[in-house]
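I set out to record the strand order of a sheet and the surroundings of a helix. The entries follow the order in which I looked things up.

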Amino acid sequence: MAHLPQVLVFGPPTIFTQFEPQYSHKYHFLNAWASSLPLDQFLHTHNYEPSSIQAILCAGGGTPVTVHVLSVLSSVKLIVTTSAGLDHIDLLECRRRGIQVAGAGSLFSEEVAEMAVGLLIDAMRKISAADRYVRQRVHSGPWDFPLGSKLGGKRVGIVGLGSIGFEVAKRLEAFGCSIFYNSRKEKPFISYPFYSSVVELAANSNALVICCALTEQTRHIINKEVLLALGKEGVMVNIGRGALVDEKELVRCLIEGEIGGAGLDVFENEPHVPEELFGLDNVVLSPHAAALLKSLPLICVTLWQGI
Ligand SMILES: O=CC(=O)O
């Protein structure tokens, strides 16, 4: 196998395992995702020569491609990630080393937007909680499920009106929602009202949908002040990255009823999810799956063909 290009695979396993058989005549895949060892030990244990590895295949929210990883892999020329977000890759180091980075761009924006709207409807109408209620009900008396609230007509603040945020806005308009947004800058051709302050956006919204990229500027953009401004009836949906939200504050606000509910596809230290959330019926949880659809493998193949 020494003659095949070597590709280090950090994930995502659900997709990768479907394609490995078809591509293993072309590439020698080193499946780091299947091992719990740190990278150096993984390579050492399998007798893999780090300087023979030419490409990395990875996924958003998974193992980060840090300066350390890149220093171990001195010959890497290409990183392919199945995600739109690139926050798990040290892009400065890639630029310095001339390593090319290929990601999903806006390919999954519609899929992720659907999930955002789904989580919002679920958190407001309590669909997952209602499902649990029906399945777990032990008494045969009248239904006593708590009331939900209507999405139609609500004011929704979108944090990050990029391609995903825009797809969310389009869908929510069809539900009769009024859309407001915060972004790095006001967008010249967008008619939705712009808020330069996320706190003010939250104070004027019934729900916030977090769609921006994770950068040093956006880390914890949703903090205690924003959550308190969103208020006791407010719902927050995060399909961006967990670290956009101060998760400790979010958990506290949910437990203490400082906000009304949340729909979360992403978490600050994935795959860890704060256990306090498990018992809360006003929270809907999803395992960073907004972009993981049956169509994803096809797109992965297109990305991999660049290796
Ligand atoms: O998390 C998924 C993505 O960034 O596409």
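This is a predicted model: local features need pLDDT of at least 70, side-chain atom pairs count only at pLDDT 80 or more; totals for chains, interfaces and linings use all residues.

Which elements cover the buried residues of α7?

Entry 1, helix α7. I found that α5 (109–125), β6 (155–159), β7 (178–182) and β8 (207–210) are among the elements covering the buried residues of α7. I then listed those buried residues: I164, G165, E167, V168, A169 and L172. For their spacing I recalled that residues three or four places apart point the same way, because an α-helix has 3.6 residues a turn.

I read the helix as residues 163–174, twelve residues in all. After the helix I came to G176, and I noted its positive phi, near 80°.

I traced five strands with parallel pairing, in the order β2-β1-β3-β4-β5. I asked why β2 (28–31) and β5 (100–102) each have one side left without a neighbour in the sheet. Both stand at the edges with a single partner strand, so one side of each lacks a neighbour there. For the twist I noted an average of 20° from one strand to the next.

I looked up strand β4 (residues 78–81) and found three bridges joining β4 to β5, the two running parallel. For V80, I identified A102 in β5 as the bridge partner.

How values were computed: Residues are numbered from 1 along each chain as its sequence is written. Side-chain values use heavy atoms; hydrogens and water are left out. Two strands pair if DSSP finds at least two bridges between them. Helices (H or I, at least four residues) and strands (E, at least two) are DSSP runs, numbered from the N terminus. Axes are lines fitted to C-alpha atoms, for helices over the stretch in contact, and angles run from 0 to 180 degrees between N-to-C directions. The expected span of a helix is 1.5 Å times one less than its number of residues. Buried means under 20% relative accessible area, exposed over 50%, partly exposed in between (1.4 Å probe, protein chains only). Contact means heavy atoms within 4.5 Å.
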